[in-house]
Amino acid sequence: MTHNNESGQVLLAADDSMSSPEENEFALRCPECGEATGLHIDGVVVENAGGQRVQVEADGEDSGARLDVRLETGQPHDGRRHKFTLTGSCEHCGGSFSLGFKQHKGTTFFSKTFTP
Ligand SMILES: [Zn+2]
């Protein structure tokens, strides 16, 4: 599934053949190479404008699954409110990526970084 309009960009896409729209479940494509299998989103970072930062890393499967949670205080990001960043990797392109959602003055800004 893709959503597009005349002035917007497609920031994330789904593989229609693997998705179930009737169940509101969409197979997300890798934001770098576009493959819909082998994509892993394993972490989230929540930052606020005061410099607080929580990082959660998920690892393992089934009863061996673990969460690593860290709270830190450091330099604030450049927005007035908070920022959520999803971190992950892709088995196909072999890189790691982060997808950021930063709130600033009533607008949410999306950013993507990729490290091969
Ligand atoms: Zn990829």
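Colleague: Is Cys 30 buried or exposed?

Modeller: This is a predicted model, in which local features need pLDDT of at least 70, side-chain atom pairs count only at pLDDT 80 or more, and totals for chains, interfaces and linings use all residues. Residues are numbered from 1 along each chain as its sequence is written, and side-chain values use heavy atoms, with hydrogens and water left out. Buried means under 20% relative accessible area, exposed over 50%, and partly exposed in between (1.4 Å probe, protein chains only). Cys 30 has a relative accessible area of 4%, and therefore it counts as buried.

Colleague: Which residues coordinate the zinc ion?

Modeller: Donors are N, O and S atoms within 2.8 Å of the metal (3.2 Å for Na, K and Ca); water is not among the atoms, so sites may look incomplete. At 2.3 to 2.4 Å from the zinc ion, the SG atoms come from Cys 30, Cys 33, Cys 90 and Cys 93.

Colleague: What is the geometry of the zinc ion's site?

Modeller: Four donors count as tetrahedral if all angles lie between 85 and 135 degrees; four count as square planar and six as octahedral if opposite donors are over 155 degrees apart and all others between 65 and 115, and anything else is irregular. Among the 4 donor atoms here the angles are 105 to 118°, and the site is tetrahedral.

Colleague: Which spacing do the donors of the zinc ion follow along the chain?

Modeller: The donors include Cys 30 and Cys 33 as well as Cys 90 and Cys 93. Written along the chain, their spacing is C-x2-C-x56-C-x2-C.

Colleague: What is the relative accessibility of Cys 33?

Modeller: Cys 33 is one of the zinc ion's donors. It counts as partly exposed because its relative accessibility is 37%.

Colleague: Which residue forms a salt bridge with Glu 32?

Modeller: A salt bridge is a side-chain nitrogen of Lys or Arg within 4 Å of a carboxyl oxygen of Asp or Glu. Glu 32 meets its partner at 3.4 Å, N to O, and that partner is Lys 112. The pair links distant parts of the chain, 80 residues apart: Glu 32 lies in the loop between strand 2 (25–28) and strand 3 (39–48), whereas strand 8 (residues 107–115) holds Lys 112.

Colleague: How many residues apart in sequence are the parts tied together by Arg 53 and Glu 72?

Modeller: Helices (H or I, at least four residues) and strands (E, at least two) are DSSP runs, numbered from the N terminus. Arg 53 and Glu 72 form a salt bridge, with their closest N and O atoms 3.2 Å apart. Arg 53 lies in strand 4 (residues 52–59) and Glu 72 in strand 5 (residues 66–73), so the separation in sequence of the parts they tie together is 19 residues.
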